[in-house]
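I have kept to what can be read from the coordinates.

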Amino acid sequence: MKYVSQSRSEVRESTFAERVKELSGVNFNRCYQCLTCALGCPVLFAMDYFPNQIIRMVQLGARSEVLQSAAIWLCSSCETCVTRCPNEIDIP
């Protein structure tokens, strides 16, 4: 078995998902990528990432990709994704 150490930035990035959960109160780990949020989104055509892709990036700790994404600013907060989500994940 080989030991692989994480760099300081990797450790910091891994806490991004925890920080998002703490600030939003939403457990994004419940998402299993069914795409229902994306299929119902009225502004999907203008987004660089689908809502489910944003959630997956949060789960993986891809902080810079999420924060540089236009999708998080284009959300119209219509809550269609929330009403259709089988796990009631409040994306907006």
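1. The buried residues of α4 are Pro-51, Asn-52, Ile-54, Ile-55, Met-57, Val-58 and Gln-59; buried here stands for under 20% relative accessible area, exposed for over 50% and partly exposed for what falls in between, with a 1.4 Å probe and protein chains only. That makes 7 of the 10 residues of α4, a helix that is mostly covered. Its buried residues pack against α2, α3, α5 and α6, a contact being heavy atoms within 4.5 Å. Just after α4, Gly-61 takes a positive phi of about 80°.

2. A word on the basis of all this. This is a predicted model, in which local features need pLDDT of at least 70 and side-chain atom pairs count only at pLDDT 80 or more, while totals for chains, interfaces and linings use all residues. Residues are numbered from 1 along each chain as its sequence is written, and side-chain values use heavy atoms, with hydrogens and water left out.

3. Of the 92 residues of the chain, 32% count as buried. Among contacts with a separation of 6 or more, 55% join residues 24 or more positions apart.

4. Which residues of the largest nonpolar core touch the most other members? They are Phe-28, Met-47, Val-58, Val-66 and Ile-89, out of 19 residues in that core. Such a core is a set of buried Ala, Val, Leu, Ile, Met, Phe, Trp, Tyr and Cys residues joined through side-chain atoms within 4.5 Å. Two or more residues come from each of α2 (16–24) and α4, and α4 gives the largest share, 4 residues. In soluble globular proteins, nonpolar side chains tend to be buried together.

5. Ile-89 deserves a look of its own. Beyond its neighbours within four places in sequence, Ile-89 is in contact with Val-26, Asn-27, Phe-28, Arg-30, Cys-31, Ile-55 and Val-82. Val-26, in the loop between α2 and α3, counts as buried because its relative accessible area is 12%. Apart from residues up to four places away in sequence, Val-26 touches Lys-21, Ile-89 and Asp-90. Val-26 and Ile-91 are 65 residues apart in sequence, yet their C-alpha atoms are 8.1 Å apart in space.

6. About 110 Å³ of space lies in the largest cavity, and of the 16 residues that line it, Cys-31, Cys-34, Cys-37, Cys-85 and Ile-89 are the closest to its centre. On a 1 Å grid over the protein atoms alone, a cavity is a set of points where a 1.4 Å probe fits but cannot get out, a pocket is an open set with protein on both sides within 12 Å along at least five of seven lines, and lining residues have an atom within 4 Å of a point. Grid points are joined across faces, edges and corners, and a volume is the space filled by probe spheres set on the points. α3 (36–39) and α4 (51–60) each supply at least two residues of the cavity lining.

7. The largest pocket holds about 630 Å³ of space. Its lining has 29 residues, with Ile-54, Ile-72, Cys-75, Ile-91 and Pro-92 nearest the centre. The elements giving two or more residues to this lining are α2, α4, α5, α6 and α7, and the largest share, 4 residues, is from α4.

8. Two polar residues to check by eye. Asn-87, in the segment after α7 (80–84), counts as buried because its relative accessibility is 17%. A polar atom of the Asn-87 side chain lies 2.7 Å from the backbone oxygen of Arg-30. Ser-69 sits in the loop between α5 (63–67) and α6 (71–74) and is buried, with a relative accessible area of 1%. Leaving out residues up to four places away in sequence, Ser-69 touches Asp-48, Tyr-49 and Ile-54.

Key. A polar contact is a pair of N or O atoms within 3.5 Å; within protein, one must be able to donate a hydrogen and the other to accept it, and residues adjacent in sequence count only if both atoms are side-chain atoms.
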